[in-house]
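Welcome, and thanks for taking a look at this one. Please open the view below and keep it beside you while you read the briefing.

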2 protein chains.
Amino acid sequence: MAASQAGQARPAAQTVPPGTQRRADARRNIASIVDAATSCLARDPDASIGDIARAAGVGRVTLYGHFNGRAELIDAVLTRTLAEADATLDAVDTTGDPREALTRLVGASWRIVHQFRSVLHAAQRELPPERIRAVHDRILRRVRTLIERGQRTGQFRRDVPRQWLVTTTFSLMHAAADDCAAGRLRADDAARVIAATLLAALTPPGDTVPAVDTSRS
Amino acid sequence: MAASQAGQARPAAQTVPPGTQRRADARRNIASIVDAATSCLARDPDASIGDIARAAGVGRVTLYGHFNGRAELIDAVLTRTLAEADATLDAVDTTGDPREALTRLVGASWRIVHQFRSVLHAAQRELPPERIRAVHDRILRRVRTLIERGQRTGQFRRDVPRQWLVTTTFSLMHAAADDCAAGRLRADDAARVIAATLLAALTPPGDTVPAVDTSRS
DNA sequence: CCTAACTCGAACACCAGCGTTCTAGTTAGA
DNA sequence: TCTAACTAGAACGCTGGTGTTCGAGTTAGG
């Protein structure tokens, strides 16, 4: 849903009369294209526009009718992916003990990161860094807030910039995804291992490193 | 030195009679090319062969005389860079307390990572992952050995795969380099901050997180 | 000094992907 | 039912990078 809210900036090639809805088949095609692009790029970050159009069962021209080039398409894919991820994470309970909350958050996030790492790689080649960061905004904020709360309760360290703790969190998840893809880490180990190192990394100097809650897989 | 020991596999375009030395000007040009490639790629990972040749003050044809295409050139750049890095790290004392040793190692490594991150990015686009890993072998081994020693002394955790601790180490350094390039982390903060989080991350559950040794900048 | 090694620049063929245009056909939806 | 919206597909020109070839010149080094 809300596949191509390219909206404000420059409307996709096909000009839409203001206040009007796109025709049903058009909307369906746009969805197929974004779907196809997502899975194509997940397989090969260099997939060409032609590949994607074919995978979507759509003419290349049709694709150009809806997206002004590769960058705009990838932007749409990334935007939708992140929006869905954000929705998924909404279901995670981030209240209660910050350490347990972070463990839950990592458990949910990690799967998403693992699944869409190639899409991100594709986006990193095509989109400016600011844009990528902007799209991550809501998710970034979520983590930052939780870390901030943990700092207030004294469970997370305050001797390094908070930004760095956020970076650490994402960095470990992405690293795990890469190791996993390379066969150096078992997928069903990942969540536990990430949580264990991350919680330790966030522990204030002088405090004791918590044991991992290995109760959930 | 030893700029293009393409050696065994397929000799570069220009066939060298076995047992013979290249002519001095040829060796000089090869060096310029690798130098230029290094700095060009550091600036723009997509720099073309033409750009690099021009920056080296050499004809494009000459470049092709020494390297069979982009991949081979980038391989040479990466190989030399990593060899130099390895030499630099040889000067680091990795004996004594594992935590202090790791701090020293991170301090030295981080600068290198920061300086050559773009070269790595370029290599990741052009070279197969196995190759990249192979080139990192000596450096990887160095870290692994130190971590292993720390595990034996009981100062580093053993409840996660050792490989993951190695990944964590590299991951944090690269993340810091990226944050730094994006202006989210001050360069003169990086070493301290990396060491602080890394040492915490390696601390065994139940143990106390060590305070950072902030004595050296 | 003389030869083989090396270099240069321009030209060329080549390729893949991009984005556009045109014609003709199909389909949604008032 | 009738029109405007949408689609297909083939054709085309463009761009930018790659790798090669050629003929002529320069230089290292025995």
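In what follows, Ala, Val, Leu, Ile, Met, Phe, Trp, Tyr, Cys and Pro count as nonpolar, Asp, Glu, Lys and Arg as charged, and the others, Gly among them, as polar. With that sorting, the residues of the surface near DNA strand C come out as eight nonpolar, eight polar and seven charged. Please bear in mind that this is a predicted model.

**Chain A at a glance**

- Chain A holds nine helices and zero strands, and its pattern along the sequence reads α-α-α-α-α-α-α-α-α.
- Chain A has 217 residues, of which 35% count as buried.
- Among the contacts in chain A with a separation of 6 or more, 66% come from residues 24 or more positions apart.

**How the two copies relate**

- The same surface serves both copies, as 100% of the contact residues of chain B recur in chain A.

**Where the chains meet**

- In the contact between the chains, 29 residues of chain B touch 29 residues of chain A.
- On the chain B side, helix 8 (162–181) and helix 9 (187–202) each supply at least two residues.
- Helix 8 of chain B gives the most to this side, with eight residues.
- By class, the side of chain B that touches chain A has 17 nonpolar, eight polar and four charged residues.

- DNA strand C has 23 residues around it, and A:Ala24, A:Ile49, A:Gly69, B:Asn29 and B:Thr62 come nearest.
- The elements giving two or more residues to the surface near DNA strand C are helix 1 (24–43), helix 2 (49–55) and helix 3 (60–66) of chain A, along with helix 1 and helix 3 (60–66) of chain B.
- DNA strand D is surrounded by 23 residues, the closest being A:Asn29, A:Gly59, A:Thr62, B:Ala24 and B:Gly69.
- For DNA strand D, the elements that give two or more residues are helix 1 and helix 3 of chain A, together with helix 1, helix 2 (49–55), helix 3 and helix 4 of chain B.
- The surface near DNA strand D divides into eight nonpolar, eight polar and seven charged residues.

**A helix crossing in chain B**

- Helix 1 (residues 24–43) and helix 4 (residues 69–90) of chain B have axes that come within 10 Å and cross at roughly 90 degrees.
- Angles of 65 to 115 degrees count as roughly perpendicular, so helix 1 of chain B is roughly perpendicular to helix 4 of chain B.
- From helix 1 of chain B, the residues B:Val34, B:Ala37, B:Thr38 and B:Leu41 meet B:Leu73, B:Ala76, B:Val77, B:Arg80 and B:Thr81 of helix 4 of chain B.
- This contact of helix 1 with helix 4 in chain B has six nonpolar, two polar and one charged residues.

**A closer look at A:Ala211**

- A:Ala211 lies in the segment after helix 9 (187–202) of chain A.
- Is A:Ala211 buried or exposed? A:Ala211 counts as exposed because it has 12 C-beta neighbours inside 10 Å, and a residue with 12 or fewer falls in that class.
- In sequence A:Ala211 and A:Ala200 are eleven residues apart, while in space they are 8.9 Å apart, C-alpha to C-alpha.
- Setting aside neighbours within four places in sequence, A:Ala211 is in contact with B:Pro205 and B:Gly206.

Conventions
Residues are numbered from 1 along each chain as its sequence is written. Chains are lettered from A and ligands numbered from 1 in the order in which they are written. This is a predicted model: local features need pLDDT of at least 70, side-chain atom pairs count only at pLDDT 80 or more; totals for chains, interfaces and linings use all residues. Axes are lines fitted to C-alpha atoms, for helices over the stretch in contact, and angles run from 0 to 180 degrees between N-to-C directions. Helices (H or I, at least four residues) and strands (E, at least two) are DSSP runs, numbered from the N terminus. Angles under 35 degrees count as roughly parallel, over 145 as roughly antiparallel, 65 to 115 as roughly perpendicular and the rest as oblique. Two residues are in contact if their C-beta atoms, placed from the backbone, lie within 7 Å. A residue is near a molecule or strand if its C-beta atom, placed from the backbone, lies within 6 Å of it. A residue is buried if 20 or more other C-beta atoms lie within 10 Å of its own, exposed if 12 or fewer, and partly exposed in between; C-beta atoms are placed from the backbone.
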